[in-house]
Amino acid sequence: MPKLVYFDCPTGIAGDMCLGALVDVGVPVDFLQAQLAQLSLSSEYQLTVKRVQRGGQQATQVQVKTSGPHPHRHLGEIQQILTSAQLPPQVTTWSLKVFQNLAIAEGSVHGVPPEAVHFHEVGAVDAMIDVVGTCLGLHWLKVDQIYCSALPTGGGTVRAAHGTLPVPVPAVLELWAQRSVPIYHSGIEGELVTPTGAAIAVTLAQTFGPPPAMQIQEIGLGAGQRHLPCPNALRLWLGESPADDVDALEEVIVLETQVDDLNPQGMGLVFDRLLALGALDVWTQAVGMKKQRPGLLISVLCLPSQVEACETILFAETTTLGIRRSHQSRRILKREMQSTETPYGTVAVKVAYLHGRVCNIQPEYEDCLRIAQEQQLSWQQIYQVTLSHWYQGQDR
């Protein structure tokens with residue numbers, strides 16, 4: 001059955017709270033330490049784990065203690081560190097997307113392109129360990145689907161690299177806008193959602209709101225740093241989909257608009273921004289328009305919670321003056337990510353099931369391309385070798 005994780009965030013979400021909840025639910029600290037060492041940042045930090053009390057409840061607190069001054073990196077430097085490390089492919093993909101979304105949010109706040117963003121707090125080593133460690137923990141648990149509750153806004157002000165900022169800080173607001181995240185005020189002041197925590201949730205969660213139908217197996221509590229009027233802990237619910245929820249139906253929205261005066265060079269950015277936001281798919285078709293003009297039909301498939309954010313991107317990055325919405329439903333096959341060892345390296349493989357039987361196996365394109373380029377072989381050869389080794393593994 002699909003394995004589910006639900007982030008229940010009554011007092012918010014931060015990177016260290018995610019990591020603490022994952023350790024609390026059973027992710028081995030030794031595994032995290034060994035994998036994180038591949039980032040070649042060990043001289044810059046020390047990871048400590050301890051059990052603490054939060055409002056009378058026992059939780060796990062993970063702290064990343066930095067050793068002296070450390071650099072504040074640009075997006076390109078972080079991407080280089082992540083791609084150079086020999087992490088599981090899914091972990092690398094998730095981590096890169098988290099920092100890409102952070103860069104888009106920070107760039108929007110400061111009025112600069114994402115690649116020009118100079119990260120401060122979120123570029124520091126502790127944020128990198130929180131993000132990659134969280135992705136490693138979810139990978140170790142073999143999670144198929146991730147969900148998150150609505151998020152509390154907090155209030156007041158907080159000191160940051162750019163001075164005193166209102167809470168929620170601007171980057172968090174931008175991240176919430178990317179996915180139209182449902183928010184509320186719980187009456188608790190202070191910074192409850194950090195940029196790192198917001199980026200993890202916005203990037204990895206399929207939807208925000210009530211928990212999905214699931215059979216709960218474990219609960220993990222990740223402690224926040226402060227003592228609050230209620231237990232300051234992120235609650236991670238780990239479980240499986242009910243047996244009758246294998247081939248689920250979900251509501252989706254199709255956004256459509258056609259343009260005949262858009263510079264086609266801009267479409268690359270439109271695709272990148274929509275997919276980074278979490279759109280399920282984006283595609284274009286050539287169409288004939290009024291006055292016999294050749295035009296482009298732009299279609300976006302997204303979840304209802306993503307509509308406003310996707311439309312904002314379409315209005316900002318194209319010449320459209322109107323966007324149509326179509327409500328549809330789609331049937332979803334159970335799927336999971338697996339790792340297959342080949343003579344050339346590890347490749348992530350997406351496996352889909354119909355009525356409990358494998359019906360589709362697809363090696364991840366990015367992994368096959370990367371290995372093909374490294375080994376100076378054809379992409380098709382790596383693809384076929386991966387399929388062969390996956391099937392051999394099923395026969396053992």
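Contact here means heavy atoms within 4.5 Å. The model is predicted: local features need pLDDT of at least 70, side-chain atom pairs count only at pLDDT 80 or more, and totals for chains, interfaces and linings use all residues. Residues are numbered from 1 along each chain as its sequence is written, and side-chain values use heavy atoms, with hydrogens and water left out.

**Leu296**

Not counting residues up to four places away in sequence, Leu296 touches Thr257, Gln258, Val259, Met267, Thr284, Gln285, Val287 and Met289. Of these, Thr257 is 39 residues from Leu296 in sequence, with a C-alpha to C-alpha distance of 8.4 Å. Leu296 belongs to strand β13, residues 293–302; strands are DSSP runs of E of at least two residues, helices runs of H or I of at least four, numbered from the N terminus. Leu296 has 24% relative accessibility and so counts as partly exposed (buried is under 20% relative accessible area, exposed over 50%, partly exposed in between, with a 1.4 Å probe and protein chains only).

**Helices α4 and α7**

The axes of the two helices come within 9 Å and cross at roughly 120 degrees. Axes are lines fitted to C-alpha atoms, for helices over the stretch in contact, and angles run from 0 to 180 degrees between N-to-C directions.

| Helix | Residues | Residues in the contact |
|---|---|---|
| α4 | 89–110 | Trp94, Lys97, Val98, Asn101, Leu102 |
| α7 | 195–204 | Pro195, Ala199, Ile200, Thr203, Leu204 |

In α7, 10 of 10 residues are buried. The cover over these buried residues includes α1 (15–24), α4, α5 (125–140), β4 (145–148) and α6 (170–179).
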